Amino acid sequence: MNKRPAIEQLLCTLNPQQKQAVTHGDGPLLIVAGAGTGKTATLVHRVAWQIAQGVHPAKILLLTFTRRSAKEMLRRVDGVLRDLQNATADANATGPNAVAGSRVWGGTFHAIATRLLRRYGNAIGLPQGFTIHDRADSEDLINVVRSELRLAKTDRRFPLKGTCMSIYSRCVNSRQKLLPVLKTVFPWCEEWQDELKRLFDAYVDRKEEAGVLDYDDLLLFWNALLADDEAGEAIRRQFERVAVDEYQDTNSLQAAILHGLCPHGKGLTVVGDDAQSIYSFRAATVRNILDLPKQFPHTTLVTLEQNYRSTQPILEATNRVIEQARERFTKNLWTTRAQGRRPLMVTCEDEDDQTDFVIERILEHRESGIELQRQAVLFRASHHSMMLEAELTRRNIPFHKYGGLKFIETAHIKDLMALLRLAENPRDVVSAMRLLLLLPGVGPAKARKLVEMLGDAAGSFQAWKAWKPPQASKTHWPALLKLMDTLAHGKKPLPQQVHLARVFYRPLLEEHYDNAAPRARDLEQIEQIAARYDSRRSMLSEITLDPPNSTQDLAGQAELDDDYLILSTIHSAKGLEWDAVYVIHAVDGNIPSDMATGDSEQVEEERRLFYVALTRAKTWLYVFCPLRYYRYRPGQHRSGHGDSHGYAQRTRFLPDGILDKFERQTSDGRVVDGPLDVHSAHGVSRRPKLRTDLTSKDIRRSTKDIW
DNA sequence: CTGTTGAAATTTTTT
DNA sequence: ATTTCAACAG
């Protein structure tokens with residue numbers, strides 16, 4: 001087995017720290033990797049190196065934060081392996097392609113959990129065909145229980161379903177009891193402790209009866225599986241090596257799973273950056289990464305500090321931002337990309353101004369050779385990009401938005417999915433209720449009755465044959481019976497099943513929603529992509545675990561050769577990089593979000609979030625601060641604009657002391673030198689009009705008149 | 001029992 | 001602006 005030359009070749013592109021990480025043996029390894037330090041490359045090479053050392057690919061598990069990064073990593077692992085094989089081909093050292101055929105296991109915790117539970121689930125009494133509830137479904141089910149327990153109408157207001165779900169989820173993911181969770185995270189719900197307990201008990205029972213798992217269950221059951229003597233052992237044997245990306249954003253339950261996978265840390269590699277932990281709202285805890293060496297005493301620590309992404313001026317600015325953090329982060333990022341401009345802080349008059357300026361700059365950069373795909377606009381909350389989206393659409397600039405409301409979460413898609421899911425799992429009460437309530441003349445009472453009938457008949461839709469539908473659903477009902485009968489057999493090819501469901505649903509769609517036509521087109525898209533899945537079951541789980549962001553996303557390759565701009569929430573931008581990055585709405589109240597200024601822990605997380613946004617930039621970085629925000633006061637008539645507005649403050653994460661790391665401009669192109677005067681942006685002549693005829697301000701004015 | 005209407009409360013980030 | 005809840009008409 002003489003693979004030395006090829007491997008040496010593989011390693012020569014790495015710096016000494018990266019090399020150390022890649023060639024580390026099988027003791028527990030913690031890689032603390034600052035932003036842009038080649039963390040993905042290191043992880044990919046490590047996997048390749050392990051395979052070259054004789055570990056079978058199928059025995060390597062790669063846990064990533066998103067499906068997107070899983071795909072990217074697997075692609076790159078394949079690439080490196082191919083290189084390796086080509087290099088060793090003549091030495092005939094690789095043997096009969098042990099490698100090319102079988103792939104590394106890769107995916108999110110939830111996706112991997114699903115695969116393992118389908119395979120080993122019966123060891124802990126899980127039905128083969130369990131369906132998965134997304135967040136909204138889980139809330140619906142908890143709402144059913146909530147009203148059954150008559151918690152909905154108490155004299156004092158009981159927490160809403162979303163809040164209940166958050167509390168439950170927090171308990172599961174942080175592996176804490178209800179009371180401490182209430183005390184620390186939901187203090188205003190503390191008085192409901194007993195009721196919440198009853199609620200959660202009943203909720204768990206209902207999931208069990210329905211043969212359904214929610215997101216939290218996927219982790220919970222995976223963890224339970226590892227505790228099972230036989231199944232746990234089988235899984236541990238299956239994975240000799242486990243690597244986890246973005247470890248700073250894992251929670252206690254996920255840490256427990258890792259412990260179950262690698263009881264003594266053998267074969268475990270963990271990568272992360274404590275300065276980039278931004279998911280505490282999902283019960284992620286930075287303690288996981290900080291305490292790993294305590295958990296596994298023999299842990300080797302490797303720190304990556306050489307940044308390959310950004311220019312020196314950008315790094316200087318971002319380093320200053322994170323230095324302000326209450327907890328000190330010891331890494332000091334440096335780069336050899338010395339040349340480059342300081343990041344630009346642009347003070348705009350208002351959001352319209354910001355929109356115009358951002359678009360103008362994007363087009364300029366594109367003209368100078370940076371295609372749209374290599375540019376991204378980042379923002380704190382999904383709706384912050386609404387005006388920009390409207391303007392981009394108007395100007396026919398293609399864009400792709402990540403984060404925010406998912407296409408899959410729209411009502412009509414959920415309706416169709418509920419129908420398919422009920423066929424897959426007739427015990428899925430939430431799906432059944434959703435479907436039945438669509439029928440005219442059927443309300444909660446009749447729907448509940450029908451669900452009960454279905455349950456008594458052990459999920460056979462024959463049970464509905466005898467039921468007499470209300471007048472309004474005379475035609476729908478027989479059609480539904482026929483449809484469910486066909487789908488339940490599951491004999492027909494999947495695209496045809498979706499087609500039948502779609503045809504049945506069409507009239508209901510028109511009855512329930514105003515704009516039926518575009519919605520119907522979305523459903524056609526679903527039918528189109530159905531052919532890509534092996535089975536209805538895998539289609540349903542994959543779509544709930546990896547929700548496509550848009551129909552374009554679903555369509556997949558079709559759009560790929562077109563160039564499009566990236567819009568993304570900062571959270572969704574994690575781990576990615578672009579040549580030009582525009583951070584918009586960098587104003588107190590947005591960054592940090594008003595919702596998160598309660599305690600300093602939260603503010604610190606918002607700071608890291610801002611840091612994540614800034615460190616996405618390779619060459620060009622823009623930060624925008626609109627000064628004036630229009631206030632929407634319902635009831636008060638607004639004539640024209642400017643009469644009801646407020647002034648915003650630049651984000652507190654860019655205090656005066658670090659502004660020298662930025663170039664500063666107002667949106668009319670003037671460079672500002674002295675301390676920023678809030679009013680300096682006013683009354684100055686506007687810069688020349690853009691190449692298009694109207695500015696967004698004109699548009700906004702015209703839409704105001706319609707209201 | 002269903003479907004509609006109006007008033008009141010809430011308003012982020014995601015697997 | 002959207003979601004939730006209670007009250008009322010059919």
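Colleague: Hi! What should I know before I start?
Modeller: The model is predicted, so local features need pLDDT of at least 70 and side-chain atom pairs count only at pLDDT 80 or more, while totals for chains, interfaces and linings use all residues. Residues are numbered from 1 along each chain as its sequence is written, and chains are lettered from A and ligands numbered from 1 in the order in which they are written.

Colleague: How many helices and strands does chain A have?
Modeller: Chain A has 27 helices and 16 strands. Both are DSSP runs numbered from the N terminus: helices are H or I with at least four residues, strands E with at least two.

Colleague: Is strand β12 mostly covered or mostly open?
Modeller: Mostly covered: 5 of the 5 residues in β12 (residues 565-569) are buried. Buried means 20 or more other C-beta atoms within 10 Å of a residue's own, with C-beta atoms placed from the backbone; 12 or fewer is exposed, and in between is partly exposed.

Colleague: Which residues sit on each side of β12?
Modeller: Leu565, Leu567 and Thr569 are on one side, with Ile566 and Ser568 on the other. In a regular strand the side chains alternate between the two faces of the sheet.

Colleague: Which way does β10 run beside β12?
Modeller: Strand β10 (residues 375-379) runs parallel to β12, joined by 4 bridges; pairing takes at least two bridges found by DSSP. Ala376 stands opposite Ile566 in β12.

Colleague: And what about β11?
Modeller: Strand β11 (residues 399-402) is also parallel to β12, with 4 bridges. There, Lys401 stands opposite Leu567.
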